[in-house]
Each structure stands twice: as structure tokens, then as C-alpha cells.
Amino acid sequence: MVQKGITVSFTVLWEDTPVAEIHINNGKPQIIKLVPDGVIQPFGGSRQDMMRVYDFLESRCYENGRADLPEILSQANLQDNNPWEWVKVSHGVTWDDFWWIRFEGEDIIWKDVRVR
């Protein structure tokens, strides 16, 4: 996960709609919801903890135990199924939904990362 002492910021989007800004400073997250709770808000409720952020990042990964996981990780130049490392490669895009992650300083949109 994100190491203590490191500051990280990223935006979670639903297609091209920013739905949340995540700021992690020294292992403590701040989740700023940009749309109300509902279908396109992955951070419903008011909890502000790393487990919540980690669970979301993990939901962006391939599941452990897949027979082809070693091949998938190899193609992504990853050694293990680390959620933080995976979303840096994949922007958290999955086939099943329209959430994805744009990191600070990036100038990309949904059509640049979508898989379908």
C-alpha cells in the first residue's frame, strides 16, 4: 500500500465525471466526495480510513487465485498483485464498471483508458 511519509493524490472518476478526490498524507486518507452517495459514488457514508481506500483499490485488481494471474502480472511488469502498484499501471479500469483513477498531473480522459 502507500508507504507512510508519502503524499499521494488521485481522482476517482465514473467515465469522465470526477466522483471523489483522495489525498493520502503519511498514511492518513482524506476522501472528498464530489458527487452525492449513489450508484456512481464508490465511497458512500462518512468513513475516512485507509482500509476503505485499500478496499476500493483492491476491487480494481484481478482476484488472487486466478490460474492466469502470473501471466497477467508479468505482462504488466509486476511481481505480485499489489493493489497500489496495479492501479498505477491500469488506472484501476475494469471490464465490469466505469470507475477509474486519474493521478495528479495526468491529462487523460475516459476514452484514453476504457477497455470496452
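Predicted model: local features only at pLDDT ≥ 70, side-chain atom pairs only at ≥ 80, totals over all residues.
Residues are numbered from 1 along each chain as its sequence is written. Local features need pLDDT of at least 70, side-chain atom pairs count only at pLDDT 80 or more, totals for chains, interfaces and linings use all residues, and side-chain values use heavy atoms, without hydrogens and water.

The chain has four helices and four strands. These are DSSP runs, numbered from the N terminus (helices H or I, at least four residues; strands E, at least two). From the N terminus on, their order is β-β-β-α-α-α-β-α. The C-alpha trace spans about 35 × 35 × 25 Å along its principal axes.

Buried residues (under 20% relative accessible area, 1.4 Å probe, protein chains only) account for 41% of the 116 residues. The largest nonpolar core holds 20 residues. Such a core is a set of buried Ala, Val, Leu, Ile, Met, Phe, Trp, Tyr and Cys residues joined through side-chain atoms within 4.5 Å. Phe10, Val12, Ile22, Leu57 and Ile101 touch the most other members. Two or more residues each come from strand 1 (7-14), strand 2 (17-25), helix 1 (50-59), helix 3 (83-90) and strand 4 (99-103). Another core, of seven residues, lies apart from it and includes Cys61, Ile72, Leu73 and Ala76.

Ile22 has contacts (heavy atoms within 4.5 Å) with Val8, Ser9, Phe10, Val12, Gln30, Ile31, Phe43 and Val53, leaving out residues up to four places away in sequence. In the chain, 33% of contacts between residues at least 6 apart in sequence join residues at least 24 apart.

Methods
Buried < 20%, exposed > 50% of the residue type's maximum accessible area, 1.4 Å probe, protein only.
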